[in-house]
Amino acid sequence: MTEEQIRGNLQRIEERIRKAAVSANRTPESIKLLVVSKRQPVEVVENAARAGVKLFGENYAEEIEPKRQALSVFSGIQWHMIGHIQSRKVKIVAEMADYVHSIDSLELALKLNRALEERGRDLPVLLEMNVSSEESKSGWAAWDGSHWEALSLEIEEVLACSRLDVHGLMTMPPLAENPETVRPYFARLARLRDYLAARFPATDWRELSMGTSADFETGIQEGASFIRIGQAILGPRPAWISG
């Protein structure tokens with residue numbers, strides 16, 4: 001994907017963001033576009049940076065370092081970890097990520113906090129919530145509002161992690177052809193955010209990371225502040241070759 005093609009895709013997505021924001025009585029500036037660069041070649045990511053992309057999302061920790069090095073000549077670039085973090089990759093994330101959207105358990109929070117303490121750095125994070133009850137989805141079990149009080153006890157322990165700067169929540173809804181199908185899940189995440197904000201008012205809960213290429217307009221209408229879009233901007237990912 002060339003710089004010109006990416007620039008055109010960005011303009012089309014940004015116009016859709018603007019229309020969705022206006023429909024929800026929101027300002028387009030309140031929504032941050034996170035371009036998902038997982039499995040994309042470095043040259044495509046460099047073209048995206050030339051086209052003006054500042055926020056990149058990666059699902060695999062090991063992909064951050066080479067891309068970060070390649071884009072070191074560009075100012076203002078941030079690398080957001082949005083995928084599940086394996087225990088053996090925690091140190092990479094602690095070293096390389098600028099933001100983490102996928103803190104999905106107390107165990108992970110504690111491990112990442114220790115790794116950050118060793119490096120003397122703080123990290124802004126979002127807490128991943130499973131609001132759909134799908135077993136394939138990561139995150140705290142948060143689909144049943146009657147369990148939110150018990151959930152908040154674990155969240156309180158996460159908030160005590162001195163190196164994790166919690167800013168809000170993230171979710172991945174079930175895949176659906178009709179974006180309206182996922183609206184209840186986005187609305188549930190927003191209600192959970194409001195519940196936690198009332199329970200822990202000293203924490204900044206402003207961010208909701210929800211919405212991808214298939215449903216980001218619905219996410220915006222339900223309060224998303226981060227939307228995560230990949231192939232609609234960077235094009236199809238090449239077949240991954242490992243080993």
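Student: Where is the place of S133?
Tutor: S133 sits in the loop between strand 5 and strand 6, residues 140-141. Keep in mind that this is a predicted model.

Student: What is phi of S133 near?
Tutor: Phi of S133 is near 75°. That is a positive value in a residue other than glycine.

Student: Is S133 buried or partly exposed?
Tutor: S133 is partly exposed, with a relative accessible area of 39%.

Student: Now R39. Is its phi positive or negative?
Tutor: Positive, near 65°, and R39 is a residue other than glycine.

Student: Which loop holds R39?
Tutor: R39 lies in the loop between strand 1, residues 32-36, and helix 2.

Student: Does R39 count as buried or exposed?
Tutor: R39 counts as buried, because its relative accessibility is 18% and the cut-off for buried is under 20%.

Student: On to helices. At what angle do the axes of helix 1 and helix 2 cross?
Tutor: Roughly 60°. Helix 1 covers residues 3-23 and helix 2 covers residues 42-50. Their axes come within 8 Å.

Student: Which residues make the contact?
Tutor: Helix 1 contributes E3, I6 and R7. Helix 2 contributes V44, N47, A48 and R50.

Student: How do those residues divide?
Tutor: The contact of helix 1 with helix 2 has three nonpolar, one polar and three charged residues.

Student: Take N47. Buried or exposed?
Tutor: N47 is in helix 2. It is buried, with a relative accessible area of 16%.

Student: What is N47 in contact with, leaving aside neighbours within four places in sequence?
Tutor: N47 is in contact with M1, T2, E3 and I6.

Student: Where does M1 lie?
Tutor: M1 lies in the segment before helix 1. M1 is partly exposed, at 33% relative accessible area.

Student: What else does M1 touch, not counting residues up to four places away in sequence?
Tutor: The list for M1 is I6, N9, V44, N47, I233, L234 and G235.

Student: How far apart are M1 and L234 in space?
Tutor: They are 6.3 Å apart, C-alpha to C-alpha. In sequence, M1 and L234 are 233 residues apart.

Student: Which residues of helix 5 are buried?
Tutor: The buried residues are L106, L108, A109, L112, N113, A115 and L116.

Student: What do the buried residues of helix 5 pack against?
Tutor: They pack against helix 4 (90-96), strand 4 (99-103), strand 5, strand 6, helix 6 and strand 7.

Student: What follows helix 5?
Tutor: G120 follows helix 5, and its phi is positive, near 65°.

Student: How many residues in helix 7?
Tutor: Helix 7 has 17 residues, 183-199. It reaches 24 Å from its first C-alpha to its last, close to the 24 Å expected at 1.5 Å a residue.

Student: Which residues of helix 7 are buried?
Tutor: R183, F186, A187, L189, A190, L192, R193 and L196 are the buried ones.

Student: What covers the buried residues of helix 7?
Tutor: The cover includes strand 5 (123-130), helix 6 (148-159), strand 7 (164-170), strand 8 (207-209) and helix 8 (216-221).

Student: How do the axes of helix 6 and helix 7 cross?
Tutor: They cross at roughly 60° and come within 11 Å. The crossing of helix 6 and helix 7 is right-handed.

Student: Which residues make that contact?
Tutor: From helix 6, W148, E149, L151, S152, L153 and I155. From helix 7, R188, R191, L192, Y195, L196 and R199. The residues of this helix 6 and helix 7 contact divide into seven nonpolar, one polar and four charged.

Student: Last one, S152. Buried or exposed?
Tutor: S152 lies in helix 6 and counts as buried, at 1% relative accessibility. Leaving aside neighbours within four places in sequence, S152 is in contact with Y195, L196, R199 and F200.

Methods
Residues numbered from 1 in each chain as written. Predicted model: local features only at pLDDT ≥ 70, side-chain atom pairs only at ≥ 80, totals over all residues. Heavy atoms only, no water. Axes fitted to C-alpha atoms, helices over the stretch in contact; angles between N-to-C directions. Helix = DSSP H or I, 4+ residues; strand = E, 2+ residues; numbered from the N terminus. Contact = heavy atoms within 4.5 Å. Nonpolar A, V, L, I, M, F, W, Y, C, P; charged D, E, K, R; others polar. Buried < 20%, exposed > 50% of the residue type's maximum accessible area, 1.4 Å probe, protein only. Expected span 1.5 Å × (residues − 1). Left-handed = near helix turned anticlockwise from the far one by under 90°.
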